[in-house]
Amino acid sequence: TLRERQAELEIELAKFRREAAKQLDTIGEKESEIEKHKAQVQVLQSKYELASEAECALRAIVEKLHSEMAGQQQAAKGKMAAMQLGSLAQVLGARAAGEKVGEKAVLDKVAEEKAVAAAAV
């Protein structure tokens, strides 16, 4: 009976060992999955950092373009104002010289210079 009991205990011990080995294998698989997920997280973090850097660079480019466009618009407005002042100076000069300058001629001259300025922009 002692031998029978020892045989039973050895059988139970073998079952426990098999179960423990299965659990160790499962733990190993889970650890492997965890490592894969960690690697994926690192890749995603790297991609996020690159995307953030690219976004900052694009924002800077857009701001620069807006600034340049605003500068070009200001320059065009300045040119148009200079042309209009030039037209006015011509009209005033003509009047000062005693020439008769009609309103239609003044309006035509201003419209012509506006068209030239608009085409330049």
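The legends below describe close-up views of a predicted model.

**View 1. The whole protein chain.** The chain has 121 residues, and 5% of them count as buried. Its secondary structure consists of 2 helices and 0 strands. The accessible surface is about 10600 Å², with 60% of this area belonging to carbon and sulfur atoms.

**View 2. The salt bridge of Glu 8 and Arg 5.** The side chains of these two residues meet at 3.4 Å, N to O. Both residues lie in helix α1, 3 residues apart, which is about one turn of the helix. Glu 8 is partly exposed at 43% relative accessibility, and Arg 5 is partly exposed at 43%.

**View 3. The salt bridge of Glu 35 and Lys 38.** The closest N and O atoms of this pair are 3.7 Å apart. Glu 35 and Lys 38 are both in helix α1, with 3 residues, or about one turn, between their positions. Glu 35 has a relative accessible area of 48% and is partly exposed; Lys 38, at 46%, is also partly exposed.

**View 4. The salt bridge of Glu 55 and Arg 59.** Here the N to O distance is 2.7 Å. The two residues are separated by about one helical turn because they are 4 residues apart in helix α1. Glu 55 counts as partly exposed at 40%, whereas Arg 59 is exposed at 51%.

**View 5. A nonpolar patch on the surface.** Leu 58, Ile 61 and Leu 65 form the patch, and their accessible area together is about 290 Å². Leu 65 belongs to helix α1, which covers residues 2-96. Leu 65 is partly exposed, with 45% relative accessibility.

**View 6. Gly 78 and Ala 117.** These residues are 39 apart along the chain, and their C-alpha atoms are separated by 9.9 Å. Gly 78 lies in helix α1 and is partly exposed at 39% relative accessibility.

How values were computed
Residues numbered from 1 in each chain as written. Predicted model: local features only at pLDDT ≥ 70, side-chain atom pairs only at ≥ 80, totals over all residues. Heavy atoms only, no water. Buried < 20%, exposed > 50% of the residue type's maximum accessible area, 1.4 Å probe, protein only. Areas by Shrake-Rupley, 256 points an atom, 1.4 Å probe, with all protein chains shown as cover. Patch = residues over 30% accessible without salt bridge, like charges linked within 9 Å, V, L, I, M, F, W, Y side chains within 5 Å. Salt bridge = Lys/Arg side-chain N within 4 Å of Asp/Glu carboxyl O.
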